[in-house]
Amino acid sequence: MEVWAPGRVNLMGEHTDYSGGLVLPVAIQLGIRLTFETANRFELDAPGGERFAAAVREELAALGRPDVAIRGSVAADLPQGAGLGSSGAFEVAVALALCEAAGFEPAPLALAEACQRAEQRAVGVPSGILDQAASLLGRAGHALLLDCGSLEHDWVPLPGDVSILVLDSGERHAHEGSGYGDRRRELEAGDPRRVRHVETENARVRETVAALERGDAAALGPLFAASHASLRDDYEVSTPGLDALVATALEAGAFAARMTGGGFGGSIVALAERGRADDVLARTRARGWVVQSSDGAIRRRTDSTPDRA
């Protein structure tokens, strides 16, 4: 049996999930594949992922999952530390495999919440639900509009003539080793600049959704620029490398660009006309991908058709 869970790129709504705000991620074709079988004891060939897997097991046990072990191995084409939700995708893949082995069927958002708690347990950082929800609820051709407070969600069609590019800064980040936790504490303490970022970023999510719904791709450029400026100046999670990469993408022909993910390194997201995407990527001379929107996580027996999670 096997499961596959995608990573994500966030179009808009950065550092808003843990305050119950709005996010607009897109599940992508890069992800985590876990091939497994039931076993007498838990064994998973995933170097570096042990603490995450253990935390997922504990959270699922708290939900009432029967204690059925698996033996499995992980393969991935989703880069770690690039701001594309790799740990969230890994948690989702492990959770789906464990649930499949035990015949346990939690609702997708309940599973996303369990994986979010597992992330917090594993790294000791109060992270939000964006990554896990995007990995489970993604839909090809759409972005996921998620209210992280109510968990109400909808899917917003993506324009067919626009390509999404991800450019890797090469600066690696991990939430537990960055200022991520500091930013959340500052936000909760009412720091004016941190609060201003969240309030304006939530408004930009709404404006981005409105632009997509009316087919106004040109409106996305200023929204991306305002988001990046806010993340750089008010929330202070960008880096000189990310700032330079945003400028490089725009100079190469992208019409919108900003940092994506938790910041302190990682990647930027850029938009380009579909026919120009490969050329734009080549002109940046950066490691990157033209990403495709993807359905969310799937599980399947190796001799059968996939089932959505």
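Predicted model: local features only at pLDDT ≥ 70, side-chain atom pairs only at ≥ 80, totals over all residues.
Residues are numbered from 1 along each chain as its sequence is written, and side-chain values use heavy atoms, without hydrogens and water. Local features need pLDDT of at least 70 and side-chain atom pairs pLDDT 80 or more, while totals for chains, interfaces and linings use all residues.

Reader: How much space lies in the largest pocket?
Author: A pocket is an open set of points on a 1 Å grid over the protein atoms alone, where a 1.4 Å probe fits, with protein on both sides within 12 Å along at least five of seven lines; lining residues have an atom within 4 Å of a point. Points are joined across faces, edges and corners, and a volume is the space filled by probe spheres set on them. For the largest pocket this space is about 800 Å³.

Reader: Which residues are the closest to the centre of the largest pocket?
Author: The lining of this pocket comprises 40 residues. Those closest to the centre are Gly81, Gly85, Ser86, Ser87 and Glu119.

Reader: Which element gives the largest share of the lining of the second largest pocket?
Author: Helices (H or I, at least four residues) and strands (E, at least two) are DSSP runs numbered from the N terminus. The second largest pocket holds about 230 Å³ of space and is lined by 18 residues. The largest share, three residues, comes from E7.

Reader: How are H5 and H6 oriented to each other?
Author: Axes are lines fitted to C-alpha atoms, for helices over the stretch in contact (heavy atoms within 4.5 Å), and angles run from 0 to 180 degrees between N-to-C directions. The angle here is about 95°, with the axes 8 Å apart. Angles of 65 to 115 degrees count as roughly perpendicular. H5 and H6 are therefore roughly perpendicular.

Note on methods:
Parallel < 35°, antiparallel > 145°, perpendicular 65-115°, else oblique.
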